[in-house]
Protein chains: 2
Amino acid sequence: MNHIFNNSNMVSLEDVKAAHERIKEYTVHTPVMTSTTIDKLTGCTVFFKCENYQRVGAFKFRGALNTVALLSEEEKMRGVVTHSSGNHAQALSLAASLLGVKATIVMPENSPLVKVNATRGYGANIVFCENNVNSRVETANNLVDEHGYTLVHPYNDERIIAGAGTAALELLEDYGPLDSIIAPVGGGGLLSGTLVAAKGYTPSIQVFAGEPENADDAFRSLRDGVIYPSEKPDTIADGLRTSLGDITFSIISKYVDRIILVSEKEIVSAMRLLWERMKLVVEPSGAVSLAAALKMKDELAGTRIGIIISGGNVDLERFFKQYKLSSG
Amino acid sequence: MNHIFNNSNMVSLEDVKAAHERIKEYTVHTPVMTSTTIDKLTGCTVFFKCENYQRVGAFKFRGALNTVALLSEEEKMRGVVTHSSGNHAQALSLAASLLGVKATIVMPENSPLVKVNATRGYGANIVFCENNVNSRVETANNLVDEHGYTLVHPYNDERIIAGAGTAALELLEDYGPLDSIIAPVGGGGLLSGTLVAAKGYTPSIQVFAGEPENADDAFRSLRDGVIYPSEKPDTIADGLRTSLGDITFSIISKYVDRIILVSEKEIVSAMRLLWERMKLVVEPSGAVSLAAALKMKDELAGTRIGIIISGGNVDLERFFKQYKLSSG
C-alpha cells in the first residue's frame, strides 16, 4: 500500500501540530532510547519513543489533555466523565485537574484499591458501579444526564487521536526521517494518531501495527472491512483488549500498511528484552511493537525504524514481594 | 566539612577529564532523568544520572575501559584477569573485548549460569574456582604468575576511580551547578571518582554517600580512621557488600561531607519509587542514593541535587515467572 496523506480526512497533520502546541507545556517531551543489543537482534536502527515516561506513565495523557483543553468554557464548567479503570482514567483525571475541570470516573466496585487511589490522587471523583459493561455505561450516561458532564471516550474521538499523534510527531521531528514506525493497536487511538502524524510528516513512511494474536479483532476487521467486537480477548496486553471505533477504523483502514499479529510468548519475550537490556519498565501492551519488529526483521533489515512504547503501568507487587523484610 | 580540592592528590579532576576523552567513544553518555513526583517527595530538584543505561548496565564499564586503555602495549598483549561474578566482571570483559585484549574471569563454580553466559557473551574466558575467597584469589594469582595477566581490581585503583568519576563529570557539565551529589558507597570506587570530579569541578559542592545500615563498614571506617573489613554484610544491595581499599579510603576520608546510613526498608522503598514512578529498572544498590536523599529531605529542601543511579542489573526471573505461558 502507498498512501498520500489527504488533509480532507477527519484528523489532519495540522490537527496534530495544533494539539502539540496546545499540550506541550504540560506534557513530557519523552526521551528516545536506543540499544545496540536490540539493533543487533533486529538488524535495524531502532528508535524507541518512551511514552512510559509520559505523565501518568502512558501516551494516554496526550489525548486526554488535548480533549479537555478543547472543551468550551461551558463544558469545562460542568466537568467530564469516563468509565475506565486503566490509563485513560488516570490520564483524564490529571488532565482535568491541571485545567481546573472536575472529573468523575466510573469504576467497577471490585477495582484494585491501588488504581482507585491513584485516580483519586490525580484529583478525580470516583463513582462505583457493578462489575459489568452495562452498569458502567449506564452509570456514566446517568451522570451525563444528571450533571451535564461531557463523556470523554478513551480513543474514538478526533481530539484524542490528534493528541495521541503528538508522540510520533515528536519522534519524527527529533529523529526523522525514518523508514517506518510501529505502534500497537487496541482501540486504535494511538495507531490512528501515529498514522495521521507520520504519513502527513513523511509521506513515504510505512506504518505498521502490532496486535496480539489472542485479540486480533483489528486484523480481522481490516481484512473483512467491518468492525468486529473484541470478544473474550485472552491476552496479557491488557491495554489492547478493546475493539476499534468507527473513527479509528476509518483512519486505520485508509492508511495502515499492515497489522502484524504476535503471540503471547513473543510479547513476553519482547517485554523481557526491554526490561533486561534497556532497563525500561514497560507494560505488556508497550512491548507489542517490538515483538512485531522482531517478527519482521528480515523485511526491515538495514532500515531506521521508530517504535512507540505506549506505557509502563504494570503491577510490581509480585516483584517487590521478594523484598518484603521481616524487620527494619 | 569544607574542602578545597587539591590537585596533588592521587587522582585529580584532570585525570577524570582525560579518562572521559579516552573512553567517550565507547561509553554511553547516559541520560539524566527527572520526576515531579520525586521532586515533591524530597522538596528538591533532583537530577538522576542513569548509569543503569550504561553499557553492561552499570557505571563499572567506565572504569574498566579506562583501565584497559591505559595498559602498556605489552600488558595488553598478555591480557587481564579479575575475580568477580558481578558487574565488574562483565565490564572488564566488554572493555577488554572492545580493545582487542584477552580477558579471563575467575568465578566460583556455583555461579548462576545466566552470569556465566553473560560474561562469556562479552568475549571473556571463564576459569572456575571453589566457592570461597581464598580459592578466588589464589586462582587469579596463579593465572597472573603463569600467563603474566594484569590483575584489574574492581575499585581500589586510580584508573578505575578516574573512569568512575566521568559519570559525575557528565552530570555537572550537562546540569550543573548543583548544590550536592549523592553516590552509594561499597568499595568506594564510584564515591571516590564522584568526589574527585565534583569537588574539582564545583569546589563549593557537597558530596554525600548512601550506605546500607547492614553493611556500614565505610561509615565506621571513616568515623574511626581505620579500614574495617565488611563482615557478613546482610543487605539486598549486593553491589555494596565490599569494604574500602587504601586508595578509596584515603580519598573518601579527605573529601566526603557525610555518609548517610539507610535501612533495608528504606532501600526497597526508594527502589520501588524508581520503578513505579520513573519506570526505571534499578538494582538495589542503585536506589541507595535516593534512600539517603529522602532521609535528608529537611536539610536538602529547596536545593538542586544530583543522584547517581549506579546500575540496573537485577534478576528478573521471579517477575517474569508470572508470565510463563502454558502454550504458544
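In which helix of chain B is Leu195(B) found?

**Entry 1: Leu195(B)**

I looked it up: Leu195(B) is in helix H10 of chain B, residues 189-201. Helices here are DSSP runs of H or I with at least four residues, strands are runs of E with at least two, and both are numbered from the N terminus. I keep in mind that this is a predicted model, where local features need pLDDT of at least 70, side-chain atom pairs count only at pLDDT 80 or more, and totals for chains, interfaces and linings use all residues. Residues are numbered from 1 along each chain as its sequence is written, chains are lettered from A and ligands numbered from 1 in the order in which they are written, and side-chain values use heavy atoms, with hydrogens and water left out.

Is Leu195(B) buried or exposed? I found a relative accessible area of 0%, so Leu195(B) is buried. (Buried means under 20% relative accessible area, exposed over 50%, and partly exposed in between, with a 1.4 Å probe and protein chains only.) Then I listed its contacts, leaving aside neighbours within four places in sequence: Gly200(B), Val207(B), Ile251(B), Ile252(B), Tyr255(B) and Val256(B). Contact means heavy atoms within 4.5 Å. I also checked Pro212(B), which is 17 residues from Leu195(B) in sequence and 19 Å from it in space, C-alpha to C-alpha.

**Entry 2: Val137(B)**

Next I picked Val137(B), which sits in helix H7 (residues 133-147) of chain B. Its relative accessibility is 31%, so I put Val137(B) down as partly exposed. His83(B) is 54 residues away from Val137(B) in sequence, yet the C-alpha to C-alpha distance is 7.1 Å.

I found a cis peptide bond from Gly176(A) to Pro177(A), with omega near 0°. Pro177(A) is in the loop between helix H8 (158-175) and strand S7 (180-184) of chain A. Chain B has a cis bond joining Gly176(B) and Pro177(B), with omega about -5°. There, Pro177(B) is in the loop between helix H9 (166-175) and strand S7 (180-184).

Which way does phi go in Lys279(A), positive or negative? Phi of Lys279(A) is positive, near 60°, and this is not a glycine. Lys279(A) belongs to the loop between helix H12 (264-276) and helix H13 (284-295) of chain A. With a relative accessible area of 6%, Lys279(A) is buried.

Val56(B) also turned up with a positive phi near 60°. I traced Val56(B) to the loop between strand S2 (45-50) and helix H3 (60-69) of chain B. Val56(B) is buried too, at 9% relative accessible area.

**Entry 3: helices side by side**

Two packed helices are described by the angle between their axes and the distance between the axes.

As for the cut-offs, under 35 degrees is roughly parallel, over 145 roughly antiparallel, 65 to 115 roughly perpendicular, and the rest oblique. Among the residues that meet are Phe61(A) and Leu65(A) from H3(A), and Ala91(A) and Leu92(A) from H5(A). By class, I got ten nonpolar, two polar and one charged residues in this contact. (Ala, Val, Leu, Ile, Met, Phe, Trp, Tyr, Cys and Pro count as nonpolar, Asp, Glu, Lys and Arg as charged, and the others, Gly among them, as polar.)

I then took H5(A) with helix H6 (residues 113-121) of chain A, and the angle is about 20°, with axes 8 Å apart. H5(A) and H6(A) are therefore roughly parallel. Ala89(A), Gln90(A) and Ser93(A) of H5(A) touch Lys115(A), Ala118(A) and Thr119(A) of H6(A). This contact divides into two nonpolar, three polar and one charged residues.

**Entry 4: the two chains**

How are the copies related? A rotation of 180° with 0.0 Å of shift along its axis superposes chain A on chain B, with RMSD 0.0 Å. That is the relation of a two-fold axis. I note that the same surface serves both copies, as 100% of the contact residues of chain A recur in chain B. The superposition is by least squares on C-alpha atoms of residues with pLDDT of at least 70 in both copies.

Definitions and conventions: Axes fitted to C-alpha atoms, helices over the stretch in contact; angles between N-to-C directions.
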